[in-house]
Amino acid sequence: MGAASLPRARLAGGRVSERLAPLGKTDMRLNTRAFATASAAVSSAVVFAVTVLFLVGPGDPARLAPLSGLLFGYAPTLAGAFVGALWAWVYGFLVGGALAFLYNLVLVPPPPLVDE
């Protein structure tokens, strides 16, 4: 059953908006460990892919040399791509974890206190 066959009243409001109303009251906390791991994976993949693409493509690998100041042991070589990916994983995990922690701390209100 596609969207074209649904009654127009359901799409314009009514029941759909009533079902979505409770979503505004959910706790939107980030899972710090999951966000950190995802950030680490993305940053590691980007450093590795950019290094390899510069090595096999027409780009000048020497343009990546400034990364060696941030990533200890990094060089614009295939071995350096693995070293850079390792360090990017570490930095991505730390930065992603810190961002998720700060998001949860600052932007998400604490749950209400319940007196018993």
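The questions and answers below go from the overall fold to single residues.

Modeller: This is a predicted model, where local features need pLDDT of at least 70, side-chain atom pairs count only at pLDDT 80 or more, and totals for chains, interfaces and linings use all residues. Residues are numbered from 1 along each chain as its sequence is written, and side-chain values use heavy atoms, with hydrogens and water left out.

Colleague: How many helices and how many strands does the protein chain have?

Modeller: Elements are DSSP runs numbered from the N terminus: helices are H or I with at least four residues, strands are E with at least two. From the N terminus on, the order is α-α-α-α. The count for the protein chain is four helices and zero strands.

Colleague: What share of the residues in the protein chain is buried?

Modeller: Buried means under 20% relative accessible area, exposed means over 50%, and partly exposed lies in between (1.4 Å probe, protein chains only). The protein chain has 116 residues, and the buried share is 17%.

Colleague: At what angle do helix 3 and helix 4 pack?

Modeller: Two packed helices are described by the angle between their axes and the distance between the axes. Axes are lines fitted to C-alpha atoms, for helices over the stretch in contact, and angles run from 0 to 180 degrees between N-to-C directions. For helix 3 and helix 4 the axes are 6 Å apart, and the angle is about 150 degrees.

Colleague: Is helix 3 roughly parallel or roughly antiparallel to helix 4?

Modeller: Under 35 degrees counts as roughly parallel, over 145 as roughly antiparallel, 65 to 115 as roughly perpendicular and the rest as oblique. Helix 3 and helix 4 pack at about 150 degrees. That makes helix 3, relative to helix 4, roughly antiparallel.

Colleague: How many nonpolar residues are in the contact of helix 3 with helix 4?

Modeller: Ala, Val, Leu, Ile, Met, Phe, Trp, Tyr, Cys and Pro count as nonpolar, Asp, Glu, Lys and Arg as charged, and the others, Gly among them, as polar. The contact of helix 3 with helix 4 has one charged residue and eleven polar ones, and its nonpolar residues number 18.

Colleague: Is the pair of Phe48 and Phe82 stacked, edge-to-face or tilted?

Modeller: The structure holds two aromatic pairs. Rings of Phe, Tyr and Trp (its six-membered ring) pair if their centres lie within 6.5 Å; planes under 30 degrees apart count as stacked, over 60 as edge-to-face and the rest as tilted. The centres of Phe48 and Phe82 are 5.0 Å apart and the planes are at 55 degrees, so the pair is tilted.

Colleague: How many residues apart in sequence are the parts that this pair ties together?

Modeller: Phe48 lies in helix 3 (residues 32-56) and Phe82 in helix 4 (residues 78-106), so the pair ties together parts whose separation in sequence is 34 residues.
At 28% relative accessibility Phe48 is partly exposed, while Phe82 at 53% is exposed. The separation asked for is 34 residues.

Colleague: Which residues does Ser44 contact, leaving aside its neighbours within four places in sequence?

Modeller: Ser44 lies in helix 3. At 12% relative accessibility, Ser44 is buried. Contact means heavy atoms within 4.5 Å, and the partners of Ser44 are Ala85, Ala88 and Trp89.

Colleague: What separates the C-alpha atoms of Trp89 and Thr37?

Modeller: Trp89 lies in helix 4 and is partly exposed at 37% relative accessibility. Among the residues Trp89 touches are Thr37 and Ser44. Trp89 and Thr37 are 52 residues apart along the chain, and their C-alpha separation is 8.4 Å.
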